[in-house]
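Please examine the aromatic rings of the structure shown below. The paragraphs that follow lead through their arrangement.

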Amino acid sequence: MSKPLICINGGGAYDPKFEREGWATNKSYAAGVAAAGGVPVLMYEDGCAEDMAALCDGLILTGSFSYSPRPQLAERNGSVAGRKRVQLDRELYFAFKKAGKPIFGICLGEQIINVFEGGTNKNHFAIREGVEHIISSHTVETVPGSFIEKVWGTGFWVNSRHGNAIKDVAPGFKVTALSPDGIIEATEHETLPIWGFQFHPERMRGDRPDPLNGPDSTPLFAAFVEKCAEYRK
């Protein structure tokens, strides 16, 4: 049997060399999939979401490019990233859901699934609630019997790189992990193979894991790739 093909959505980006719009993702997502025995396939904004859902065995909706270490490029990047990504993510998400194939949502990916399914998010919650989750790390506590608990156990450290978070969980989904200050860190669908993570598992492996005291995320990607193989039709 061939390796499972995993579609990775990517997002709008700005190419400073040629000053043109681009489409990109952090390579760590692809590295996580490859290390877990899958084959990463990057999706572009070409209107073939249903074709990708037919071709690939699973979908990863990635985090955003909302934080830019080069502020001078942030505005130009933002001009191509937002609306086009939301449109593509919606098409991809519902195409893979209709096909009954596993879906991973990471950071923005989790948040956008929640909105697509009728939930609500809270934006810039650090300002309103005095909770810092931008550049930090913290522990999480998982729900017994959940997907993430079966992979990593009841508690562990994760990274934190987000200013928005889930507020009201969408119908049909349940919370499976929380931070000590009450931020929803993981969700899963009650009956379908759809999981979401507020932290970044793609950064929790390799030569420079973040955080250093967190678990290796390769088993989490492996569990997802295994599910993708199981759901092949």
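Does Phe 147 count as buried or exposed? In this predicted model, Phe 147 has 10% relative accessibility and therefore counts as buried, the cut-off being under 20%.

The ring of Phe 147 has a partner. A pair of aromatic rings is described by the distance of the centres and the angle of the planes. For Phe 104 and Phe 147, the centres lie 6.1 Å apart and the planes stand at 85 degrees, so this pair is edge-to-face. Phe 104 belongs to strand 6 (residues 103–106) and Phe 147 to helix 6 (residues 147–152), so the pair ties together parts that are 43 residues apart in sequence. Phe 104 is likewise buried, its relative accessible area being 0%.

One of the pairs is that of Phe 94 and Phe 116, which is tilted, with 6.0 Å from centre to centre and 45 degrees between the planes. This pair links distant parts of the chain, since Phe 94 lies in helix 3 (residues 71–98) and Phe 116 in helix 4 (residues 108–116), 22 residues apart. The two partners may be considered in turn. Phe 94, at 32% relative accessibility, counts as partly exposed, whereas Phe 116, at 10%, counts as buried.

Definitions and conventions. Residues numbered from 1 in each chain as written. Predicted model: local features only at pLDDT ≥ 70, side-chain atom pairs only at ≥ 80, totals over all residues. Heavy atoms only, no water. Phe/Tyr/Trp six-rings, centres within 6.5 Å; stacked < 30°, edge-to-face > 60°. Helix = DSSP H or I, 4+ residues; strand = E, 2+ residues; numbered from the N terminus. Buried < 20%, exposed > 50% of the residue type's maximum accessible area, 1.4 Å probe, protein only.
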